[in-house]
Amino acid sequence: MTKQVQQLDRVIIRFAGDSGDGMQLTGDRFTAETAQFGNDLSTLPNFPAEIRAPAGTLPGVSSFQLHFADHDILTPGDAPNVLVAMNPAALKANLGDLPKGADIIANTDEFTKRNLSKVGYDGNPLEDDSLAEWRLHAVPLTSLTVKALEGFDISKKDAERAKNMFALGLLSWLYHRPTEGTIAFLEAKFARKPEIAKANIAAFQAGWNYGETTESFSVSYEIKPATLRPGTYRNISGNQALAYGLIAAAVQAKLPLFLGSYPITPASDILHELSKHKHFGIRTFQAEDEIAGVGAALGAAFGGSLGVTTTSGPGVALKAETVGLAVTTELPLIIVDVQRAGPSTGMPTKTEQTDLLMAMFGRNGESPVPVLAPATPSDCFTMAVEAARIALAYRTPVMLLSDGYLANGSEPWRIPEIDELPDISVQFTTQPNGEDGTTYLPFKRDPQTLARPWAVPGTPGLEHRIGGIEKADGTGNISYDPDNHDRMVRLRQAKIDGIDVPDLTVDDPDGDARVLVLGWGSTYGPIAAAARRVRAAGHKVAQAHLRHLNPLPANTGEVLRAYDKVLLPEINLGQLAMLLRARFLVDVISYNRVRGLPFKAAELAAVIQDVIGDVIESD
């Protein structure tokens, strides 16, 4: 049977099932093969916080969305073109996001009366007309998988578990994905269980063959590789990119890297990744709690290492006192906050941008720290290097705000050449720096950066005292003098205010837009995609994105005042908006959603058009 092959420029697929159905693994494998093929891509893993929510229930649904295309894309997509639903809960939880006419591939074996009743279905939606507006492909994925694995010496339970590989094989056929990488992955993953490896490979191949031979799918689809900037690419998640950025920074600084960390969702993968790279001089310490993690990292910084601690919002709260100690001792320290939905435990597997004010002000006393935020998963690499540059050059702790969307999402990343990375090597102080030639002044400052010298403990003649009590300017002796304290507070603030950061760039194609959409952190993709839609509809809009939040770029006020209206979407209740209003007296328009999910491009496009309409009406 000859089947039609249809060319598409992009597609959005969502795998959804019970949290034990392996949807994240399935999505990861499909993503890896898509990256290998050369498409541009963006992903959105979405899974429950519970270790194992009740099987077959709505809270237990886990999904993985992948948007891939033959051109540059910016988001995982607003709505899937294809939904793979492994059970009734997956169908019900995701049907509302599915546009009319989209494809549904449903595992009929799981649509039992018991499973249907768990999620409130009175009847079977696969057998009535309730799904008439979509293209339904009812496939008995579980029984087909078990049938395909009858000849293997494995239990029925293990055979049923391979249904996600059958689904992966079917989708791989449907979209002409490569298969070699998945087969190699399965062989490596189950190297100690060769029969399980063979069974999963057989299930994967059976899914491919089913697509090739069944009459249920008469069309397959091709999405050509995207045209990307020349170079070597790999698929990378935000947490991976951040870990690699820290490694690159340590190499470029010629310093050992020490990570003191306590496992916490969604930051733990940075600890896992860095622990694999001891050959780069990386030392990872899984501490007994958050306070111990940051304390060890600060101790490593005192000892001459690039000290790093990774956490999420609850951990930042616990680390606050030690970060304040890093401020007053003026030691380089990187604090990575992979933000998640709060308060308290909140929704630990969901994303938010709600830690900005805590990063800015969440310490006692006047404790200024630089705050940075990557814009995309691959940008986590760049901003990790930038955080190290600032920490080392200005002798200060730096807060790096990633979030769950960036951490778990992935995209193609062009691996930089070594000569593209900045030289951030450090010169330790090895000789006395006092005017008499014999005295060491631990708080004598560089006239340009206001950074104090950094002497490795044990250097002969450079013994000195540091600690949390206020120090005298220059000598570092304990001081309770009011005027000295005022001077030190102002010096520490001036040091942060004087950090060299690039100007804020504006994307305003014609130069005459009257509305600016400003963002920070992970809102970059949805805002840029929304701006594209608005421009395609014939409207003019400018876009700018902040990656340096403290200090802000020097031209920020000038940019804000150049437009009639400034729209600021945030996944919080307006934290950056409050800072900008206070600093620049510009009445930015906040657009806030706090749902644990990234913005949708269509949603933001509609908001932008409303603001443009208001500007036109006011003329």
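Reply: Start with the charges. The protein chain carries 57 positive and 73 negative charges, and their mean positions lie 4 Å apart. Keep in mind that this is a predicted model.

Now the sheet. Five strands make up an open sheet. Their order is β17-β19-β18-β21-β22, with mixed pairing. Two of these strands are edges: β17, at 506–507, and β22, at 589–592. Each edge strand pairs on one side only.

Look inside the sheet next. Strand β18 covers residues 515–520, and strand β19 covers residues 542–546. The two run parallel, joined by five bridges.

Step back to the whole chain. The secondary structure totals 20 helices and 22 strands. The radius of gyration is 27 Å, close to the 25 Å given by the globule rule for 619 residues, so the chain is as compact as a globular protein of that length. Along the principal axes, the C-alpha atoms fill a box of roughly 90 × 70 × 45 Å.

Burial and contacts complete the picture. Of the 619 residues, 57% are buried. Take the contacts between residues at least 6 apart in sequence: 77% of them join residues at least 24 apart. The surface comes last. The chain exposes about 26100 Å², and carbon and sulfur atoms supply 51% of that area.

Technical notes. Residues numbered from 1 in each chain as written. Predicted model: local features only at pLDDT ≥ 70, side-chain atom pairs only at ≥ 80, totals over all residues. Heavy atoms only, no water. Helix = DSSP H or I, 4+ residues; strand = E, 2+ residues; numbered from the N terminus. Rg over C-alpha atoms; globule rule 2.2 N^0.38 Å. Buried < 20%, exposed > 50% of the residue type's maximum accessible area, 1.4 Å probe, protein only. Contact = heavy atoms within 4.5 Å. Areas by Shrake-Rupley, 256 points an atom, 1.4 Å probe, with all protein chains shown as cover. Lys, Arg positive; Asp, Glu negative; His and termini not counted. Charge placed at Lys NZ, Arg CZ, Asp CG, Glu CD. Pairing = 2+ DSSP bridges.
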